[in-house]
Amino acid sequence: QLSCLVKMVTLHGIPKDLDSYPKDLLLFLSPSDYAATGSCRQYFANIGKANLDVLQRESSQRKQLLLEALACLKIPGTQVNEENAEILGRLVCDLGGEYIKSSGGNLLKRLSQCESFLPDQEEAVRSVISSGNTTFGPPAAWSAFTLNELSGLIPVFDHSILQKIPK
C-alpha cells in the first residue's frame, strides 16, 4: 500500500513538502529522490523515525537503506558517534555486531528500542555492557533509572550481567 501511495504522491515529481508526509512513505523513495527537497542527512533523519518493520528485516531494500545512510553520513569504518546514531534512529537496529562493539555505549539507548536482535548483535551488546565503558557505567553501578533507559536490552543480558545489577 505504501509503495502504491508513493507512486501517487510522486506522479508529478517529488513534492516540495515531502517532510510533511508520513515518514514510512520515505522508505519507498531513494535519497536521490529526496535530494530536491533536502539533504541526505535530513532524509535519513526522517527514515530513522519511520517504522522500519514495514520492510522485512533482512530484505535487500532495508540493507540498501543502511548502506546509503552510512555513505551519506560518511561513517568511516565501524564507529558510529552519538550524533550519527541519532540521525540513524531505528536504522541502528540493523547495524552488525562489529558496529555495536566499535561504537561502545553510543548505540545502547537506541538499540534498546529494537524489536529483536541477531545473535552477533546480542553478543556485541553483552560485550559492550560487560566492559562497563559506557555512559551508563558498569552494571554494578546501575540504578532503576539506568534499567529503565536500557529496558529493551534486558532480554539480551546474560546471567553474568544480571547478577551484577544491584537489587
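Between which domains does the largest pocket lie, and why? Domain 1 (1-74) and domain 2 (97-166) both contribute residues to its lining, so the largest pocket lies between them. The model is predicted: local features need pLDDT of at least 70 and side-chain atom pairs count only at pLDDT 80 or more, while totals for chains, interfaces and linings use all residues. Residues are numbered from 1 along each chain as its sequence is written, and side-chain values use heavy atoms, with hydrogens and water left out.

**Overall architecture**

- The chain has eleven helices and zero strands, where helices (H or I, at least four residues) and strands (E, at least two) are DSSP runs numbered from the N terminus.
- The C-alpha trace of the chain spans about 60 × 30 × 25 Å along its principal axes.
- The domain assignment gives domain 1 (1-74) and domain 2 (97-166); such bounds come from an automatic or database assignment.

**Largest pocket**

- A pocket is defined on a 1 Å grid over the protein atoms alone, as an open set of points where a 1.4 Å probe fits, with protein on both sides within 12 Å along at least five of seven lines; lining residues have an atom within 4 Å of a point.
- The largest pocket holds about 220 Å³ of space, a volume being the space filled by probe spheres set on the points, which are joined across faces, edges and corners.
- Its lining comprises 15 residues, of which Lys63, Leu66, Asp94, Leu95 and Gly96 lie nearest the centre.
- Helices H5 (60-72), H7 (97-103) and H9 (119-131) each give two or more residues to this lining, and the largest share, five residues, comes from H5.
- By class, the lining has six nonpolar, two polar and seven charged residues (nonpolar: Ala, Val, Leu, Ile, Met, Phe, Trp, Tyr, Cys and Pro; charged: Asp, Glu, Lys and Arg; polar: the others, Gly among them).

**Second largest pocket**

- The second largest pocket holds about 160 Å³ of space, and residues lining it include Asn51, Asp53, Arg57, Cys93 and Glu115.
- Its lining divides into three nonpolar, three polar and five charged residues.
- This pocket also lies between domain 1 (1-74) and domain 2 (97-166), because both give residues to its lining.

**Domain interface**

- Four residues of domain 1 are in contact (heavy atoms within 4.5 Å) with six residues of domain 2.
- The area buried between the domains is about 330 Å², with carbon and sulfur atoms giving 43%; buried area is the accessible area (1.4 Å probe) that two parts lose on being put together, summed over both.
- Asp53, Arg57 and Leu70 supply 87% of the area that domain 1 buries against domain 2.
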